[in-house]
Amino acid sequence: MNIGVIGTGYVGLVAGTCFAETGNEVICVDIDEAKIAALKSGKVPIYEPGLEELVRRNLDEQRLSFTTDLEAAVQKSEILFIAVGTPQAPDGSADMDQALATARAIARAMNSPKIIVNKSTVPVGTADRLRTLIRGLTPHRFWVLSNPEFMKEGAAVEDFMKPDRVVLGGEDAEAIEVVKELYEPFVRTGNPILVMGTRSAEMSKYAANAMLATKISFINEVSNLCEKLGADVNEVRRAIGLDRRIGPHFIFAGVGYGGSCFPKDVRAMIAMGIPGLELPLLRAVESVNERQKLVLVEKVKNHFGRDLSGRAFAVWGLSFKPRTDDMRDAPSIPVIEALLAAGARVQVHDPEAENEARKIFGERVIYHQRNYDALKGADALLVITEWNEFRRPNFQTIKKMLKTPVIFDGRNIYDPVDLRKLGFTYYSIGRRDG
Ligand SMILES: NC(=O)c1ccc[n+]([C@@H]2O[C@H](COP(=O)([O-])OP(=O)(O)OC[C@H]3O[C@@H](n4cnc5c(N)ncnc54)[C@H](O)[C@@H]3O)[C@@H](O)[C@H]2O)c1
């Protein structure tokens with residue numbers, strides 16, 4: 001099939017590349033000329049495991065191409081995926097400017113019937129809105145479907161290739177059938193393609209992210225209580241996670257959730273609230289998360305005093321989670337800003353996110369390529385993102401490099417008893433710290 005994917009970010013690039021990998025001819029479109037130029041030469045501008053290799057192979061085999069020419073891509077394609085950004089608007093709602101501009105541009109470029117599939121995370125009712133918009137701009141037949149994306153950054157290729165489920169919203173059986181066929185190679189192990197109304201499909205994406213964010217805020221709230229009452233959130237997590245009704249995933253206490261999706265999608269869902277229909281649970285999920293991001297800084301100040309001038313801190317991990325360079329709404333940002341505001345010097349290391357971090361902190365922090373180098377002369381180490389390489393470090397080296405052996409672990413990756421034996425003062429989240 002000939003496919004056009006508009007928007008070549010995390011979602012569009014992964015989806016387009018994986019559709020090419022299964023034999024389709026895919027044109028990926030973006031308005032960002034530098035991004036398209038890099039992609040044309042096989043350079044992937046984001047860090048996503050396994051993606052660059054797939055992009056190169058499909059480029060070489062001429063099933064995948066990149067362009068800024070939306071009109072040409074629309075005219076060559078039978079199916080068009082919209083995968084542009086829907087960032088947060090100032091009032092918390094989803095900013096629909098990119099999606100609406102894309103729909104208009106598709107409509108104006110149409111030369112024959114097209115199936116338009118929206119993959120961006122958009123408010124309920126968007127497919128209907130796009131239908132009305134496009135109908136006003138083209139005489140050609142078209143269908144608008146909703147196909148929300150559930151991939152996780154850091155494992156996006158794997159998730160796209162083997163999704164737990166594919167959700168397809170639409171009202172026209174023939175158009176649904178065409179898109180279903182496209183997805184068949186990805187669900188050969190029997191995971192379902194769920195067909196539903198477009199509004200249910202749109203809501204499913206927000207409900208999934210809000211549920212996951214709720215689990216995180218829930219366990220963080222429990223962790224704060226654990227700490228005050230002498231319980232250990234890790235022990236509690238294991239105990240509740242084995243209950244099949246609860247499950248073991250997404251109940252790890254830490255410095256709060258971040259990233260390009262959970263914060264904005266929870267806020268967008270709150271903004272969907274209809275007058276008279278308050279959403280108090282989601283508001284609480286958000287406010288617990290905002291507070292949680294600064295729990296570790298409070299521990300630093302309780303240890304070193306509120307004025308941190310003259311102090312230096314090493315920070316390991318900047319991206320919002322491991323295996324990505326994405327810094328959008330990363331908890332490391334408020335943590336580092338709070339340390340800087342209290343007068344501290346901050347020395348950072350991240351395996352992949354340094355370039356993204358530079359766009360946020362500029363020269364206000366000191367960057368190190370090796371994790372141990374960031375420790376030199378620091379009063380303490382803060383671990384903010386649980387990259388695998390931080391899990392079993394050489395603690396003797398850490399002790400030697402730090403001015404004082406103090407660790408603030410925002411992801412509970414170390415053992416309090418072990419660290420105490422090694423002579424560290426250790427703080428973590430919701431545990432009896434040694
Ligand atoms: N990142 C994720 O893990 C993830 C997962 C599931 C769903 N989503 C959703 O998918 C959508 C895309 O997310 P993303 O993280 O890939 O965004 P992104 O910001 O990484 O990429 C969006 C791309 O669209 C391009 N773009 C904007 N306007 C355009 C236009 N008019 N024509 C062509 N290109 C245009 C931008 O230049 C950018 O490259 C969002 O709605 C997001 O909420 C994201």
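**Entry 1: aromatic rings.** I am working with a predicted model. I began with the aromatic side chains and found that Phe19, Phe81, Phe160, Tyr183 and Phe186 make up one cluster. I then searched the whole structure, which returned 18 aromatic pairs.

Where do Tyr414 and Tyr426 lie? I placed Tyr414 in the loop between strand S13 (406-409) and helix H17 (416-421), and Tyr426 in strand S14 (residues 425-427). The pair therefore ties together parts that are 12 residues apart in sequence. Are Tyr414 and Tyr426 buried or exposed? I found both Tyr414 and Tyr426 buried.

**Entry 2: one more Phe.** I looked up Phe262 next and found it in helix H11 (residues 262-271). Its relative accessible area is 13%, and the limit for buried is under 20%, so I wrote down Phe262 as buried.

Entry 3: Now for the ligand. I counted 26 residues around the ligand, and the ones that come nearest are Asp30, Lys35, Thr86, Glu153 and Lys264. By type, the shell splits into eight nonpolar, 10 polar and eight charged residues. Which helices supply at least two residues each to this shell? My list includes helix H1 (10-21) and helix H5 (97-109).

I also asked which domains contribute to the shell. Domain 1 (2-196) and domain 2 (205-291) both give residues to it, so the ligand lies between them.

Entry 4: I went through the side chains one at a time. For Thr86, a side-chain N or O atom is 2.5 Å from an oxygen atom of the ligand. Glu153 places a polar side-chain atom 2.8 Å from a ligand nitrogen. With Ser260, the distance from a polar side-chain atom to a nitrogen atom of the ligand is 3.4 Å. How much of the ligand does the protein bury? Taken alone, the ligand exposes 830 Å², and I noted that the protein buries 89% of that.

Definitions and conventions: Residues are numbered from 1 along each chain as its sequence is written. This is a predicted model: local features need pLDDT of at least 70, side-chain atom pairs count only at pLDDT 80 or more; totals for chains, interfaces and linings use all residues. Side-chain values use heavy atoms; hydrogens and water are left out. A residue is near a molecule or strand if one of its heavy atoms lies within 4 Å of it. A polar contact is a pair of N or O atoms within 3.5 Å; within protein, one must be able to donate a hydrogen and the other to accept it, and residues adjacent in sequence count only if both atoms are side-chain atoms. Accessible areas come from the Shrake-Rupley method with a 1.4 Å probe; for residues, only the protein chains shown count as cover. Helices (H or I, at least four residues) and strands (E, at least two) are DSSP runs, numbered from the N terminus. Ala, Val, Leu, Ile, Met, Phe, Trp, Tyr, Cys and Pro count as nonpolar, Asp, Glu, Lys and Arg as charged, and the others, Gly among them, as polar. Domain bounds come from an automatic or database domain assignment. Rings of Phe, Tyr and Trp (its six-membered ring) pair if their centres lie within 6.5 Å; planes under 30 degrees apart count as stacked, over 60 as edge-to-face and the rest as tilted. Buried means under 20% relative accessible area, exposed over 50%, partly exposed in between (1.4 Å probe, protein chains only).
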